[in-house]
Amino acid sequence: MGTGARLWTGEGHSGPVSCCAFSPDGRRVASGSFDHTLRLWDAGTGECVCTLGSHQGHVNACAFFPDGRRAVSTGYDRVLMIWDVDEQRCLATLESHGDNVYGCDVTRDGRLVVSAAADTTIRLWEAETGRCIATLEGHGNAVKACAFAPDGRTIVSASQDGTLKLWDVGAGSGGQVTDRHADQVFSCAFSADGQRVVSGGADETLKIWDAETGTCLHTLESEG
């Protein structure tokens, strides 16, 4: 087990840092900020490798592709941007959402990208072409986060309407989980085996869900 000691501090953003992600090989870190930029850092030294700055609003989320050579970011400018992080250039700008884009994720094979937005929708994109291939609707308020299951067949989404939804990627259908948070849900993720989902909400709880049935298994609350 590690010591928890701070290894380095990356400084350079001129606004709040809203998101961060490790590359698959652990050698780089990406960070997004309210200063409209995505920065790449050397994970070993903390040196800023480059600054990618084409968003026209706050950067809300970022994720690496499995190859580690590309990354995706989302922003208040209602778009997703796919970057070649080696060549430090934007490969594609994905436009279809009607409001701020909050969350994003990439399948493990790098073929698909998912996004979540304030327009209450989740959108599915072909990474190679940048084409929107599905719009998933059903939430009653802004969708704050989204994530693929490890096998890429299911998406979980978290919304300000207090619910999580599980979506079948192939069918484009989804349903609400059987329980719900008492307030807005801000984050969600699958377990490594894809059998569980965790969510965090404004009700100050985390919930663990069965990914197949949508049943809430545990509610984690601070004793303080």
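H36 counts as partly exposed because its relative accessibility is 30%; in this account, buried means under 20% relative accessible area, exposed means over 50%, and partly exposed lies in between, computed with a 1.4 Å probe and protein chains only. H36 belongs to the loop between β2 (28–33) and β3 (38–42). Strands (E, at least two residues) and helices (H or I, at least four residues) are DSSP runs, numbered from the N terminus. The phi angle of H36 is near 80°, which is a positive value in a residue other than glycine. Most residues other than glycine have a negative phi.

The model is a predicted one, in which local features need pLDDT of at least 70 and side-chain atom pairs count only at pLDDT 80 or more, while totals for chains, interfaces and linings use all residues. Residues are numbered from 1 along each chain as its sequence is written, and side-chain values use heavy atoms, with hydrogens and water left out.

The protein as a whole may be considered next. It contains 20 strands and zero helices. Its radius of gyration is 17 Å, which agrees with the value near 17 Å of a compact globule because the chain has 224 residues; this radius is taken over C-alpha atoms, and the globule rule is 2.2 Å times the number of residues to the power 0.38. The C-alpha trace spans about 45 × 45 × 30 Å along its principal axes. Of the 224 residues, 50% are buried. The protein exposes about 11000 Å², of which carbon and sulfur atoms supply 43%; accessible areas come from the Shrake-Rupley method with a 1.4 Å probe, and for residues only the protein chains shown count as cover.

Two strands are said to pair if DSSP finds at least two bridges between them. In this pairing, S73 has M81 in β7 as its bridge partner. The hairpin of β6 and β7 has three residues between the strands, and R78 in that hairpin takes a positive phi near 75°. On its way onward, β7 (residues 79–84) pairs with β8 (residues 89–95) in the antiparallel sense over six bridges. Four residues separate β7 and β8 in their hairpin, where Q88 in the turn has a positive phi of about 55°.

Strand β9 (residues 101–106) pairs with β10 in the antiparallel sense over five bridges, with G103 opposite A116 in β10. Their hairpin has five residues between the strands, and G110 there takes a positive phi near 75°. β10 also pairs with strand β11 (residues 121–126), again antiparallel and over five bridges; L112 has E126 in β11 as its bridge partner. Three residues lie between the strands in the hairpin of β10 and β11, where T120 takes a positive phi near 75°.

G201 lies in strand β18 (residues 196–201), and it counts as buried because its relative accessibility is 17%. Not counting residues up to four places away in sequence, G201 touches H181, Q184, V185 and F186, a contact being heavy atoms within 4.5 Å. G201 and S54 are 147 residues apart in sequence and 31 Å apart in space, C-alpha to C-alpha. E204 is found in the loop between β18 and β19 (205–210). With a relative accessible area of 70%, E204 is exposed. The phi of E204 is near 70°, a positive value in a residue other than glycine.
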